[in-house]
Amino acid sequence: MLSEKLEDALNEQMNWEIFSANLYLSMSSHFAHEGLAGFAAWMNAQYQEEMFHAMRFFNYINNAGGHAKLGAIDAPQHTWKTPLAAFEDALEHEKGVTARINKIADLAVEERNHAVGIFLQWFISEQVEEEDSVSDAVGKLKLVGDGGGLFMLDRDLGTRVFTPPTNA
Ligand code: FEO
């Protein structure tokens with residue numbers, strides 16, 4: 001069972017995951033437009049991952065007796081000055097996601113809803129990986145600067161593919 005407050009919080013997060021997906025798809029489009037196919041592919045994989053996150057919330061809410069409700073999604077930013085600026089925005093975004101997940105986990109503890117707590121544990125671990133992978137890309141972009149290294153990094157990051165986790 002979900003309290004109304006917890007159901008609302010889970011719904012808000014589901015919609016935020018969809019916003020996240022749109023943000024990364026927008027970054028993918030931006031990079032494709034800039035001729036950086038590897039960065040575009042990396043962001044496309046990130047988009048797929050976010051939709052996977054959204055569907056986890058969607059399924060959980062409905063399976064727990066609640067009602068997953070899709071809301072209005074704000075338009076994301078469309079362009080970024082540099083690849084580094086886009087990845088830095090992505091890192092800030094992921095830190096924000098972590099804070100949101102932690103807040104819902106606090107609410108679950110407050111309400112002693114251990115089932116929701118267990119559900120959120122996967123996301124708490126996932127956020128460590130999310131922040132790490134974006135932070136890794138930010139670090140590499142800072143190292144290579146604007147020179148030819150950028151094209152090598154584009155090729156390197158372009159190898160990323162999204163595979164849904166088997167433990168999910
Ligand atoms: Fe679904 Fe990147 O957090």
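Guide: UniProt annotations may be inferred rather than shown by experiment, and their positions are given here in the numbering of this chain. Keep in mind too that this is a predicted model.

Visitor: Which residues does the UniProt annotation "binding site" cover?

Guide: The record, an unreviewed entry, lists Glu 17, Glu 50, His 53, Glu 94 and Gln 127.

Visitor: Is Glu 17 called buried or exposed, and why?

Guide: Buried means under 20% relative accessible area. Glu 17 has 0%, so the term buried applies. This residue sits in helix H1.

Visitor: What does Glu 17 touch?

Guide: Leaving out residues up to four places away in sequence, Glu 17 touches Glu 50, His 53, Ala 54, Phe 57, Val 97, Ile 101 and Phe 123. Glu 50 and His 53 are also in the annotated set.

Visitor: What makes Glu 94 buried or exposed?

Guide: The same cut-off applies: under 20% is buried. Glu 94 comes out at 0%, so Glu 94 is buried. Glu 94 lies in helix H3, residues 83-110. Beyond four places in sequence, its contacts include Gln 46, Glu 50, Gln 127 and Glu 130.

Visitor: What makes the pair Glu 94 and Tyr 24 a polar contact?

Guide: The limit for an N or O pair is 3.5 Å. The side chains of Glu 94 and Tyr 24 come to 2.6 Å, and the pair counts as a polar contact.

Visitor: How do you know that the length of helix H1 agrees with its residue count?

Guide: H1 runs over residues 4-33, which is 30 residues. At 1.5 Å a residue it should span 44 Å, and its end C-alpha atoms are 43 Å apart, so the two values agree. After H1 comes Gly 35, with a positive phi near 80°.

Visitor: How many salt bridges does a search of the whole structure find?

Guide: The search finds 6.

Visitor: Why are Glu 12 and Arg 100 called a salt bridge?

Guide: The cut-off is 4 Å from a Lys or Arg side-chain nitrogen to a carboxyl oxygen of Asp or Glu. Their side chains meet at 3.7 Å, N to O. Glu 12 is in helix H1 and Arg 100 in helix H3, so the bridge ties together parts 88 residues apart in sequence. Arg 100 has 29% relative accessible area and is therefore partly exposed.

Visitor: What makes Lys 142 and Glu 88 a salt bridge?

Guide: Their N to O distance is 3.8 Å, and the limit is 4 Å. The pair links distant parts of the chain: Lys 142 in helix H4 (residues 114-144) and Glu 88 in helix H3, 54 residues apart.

Visitor: What separates Asp 136 and Lys 140 in helix H4?

Guide: They are 4 residues apart, which means about one helical turn. In general, an α-helix has 3.6 residues a turn, so residues three or four places apart point the same way. The closest N and O atoms of Asp 136 and Lys 140 are 3.3 Å apart, and they form a salt bridge. Asp 136 counts as partly exposed at 40% relative accessibility, and Lys 140 likewise at 28%. Salt bridges with shared partners join Asp 136, Lys 140 and Asp 156 into one network.

Definitions and conventions. Residues numbered from 1 in each chain as written. Predicted model: local features only at pLDDT ≥ 70, side-chain atom pairs only at ≥ 80, totals over all residues. Heavy atoms only, no water. Helix = DSSP H or I, 4+ residues; strand = E, 2+ residues; numbered from the N terminus. Expected span 1.5 Å × (residues − 1). Buried < 20%, exposed > 50% of the residue type's maximum accessible area, 1.4 Å probe, protein only. Contact = heavy atoms within 4.5 Å. Polar contact = N/O pair within 3.5 Å; in protein donor to acceptor, adjacent residues only side chain to side chain.
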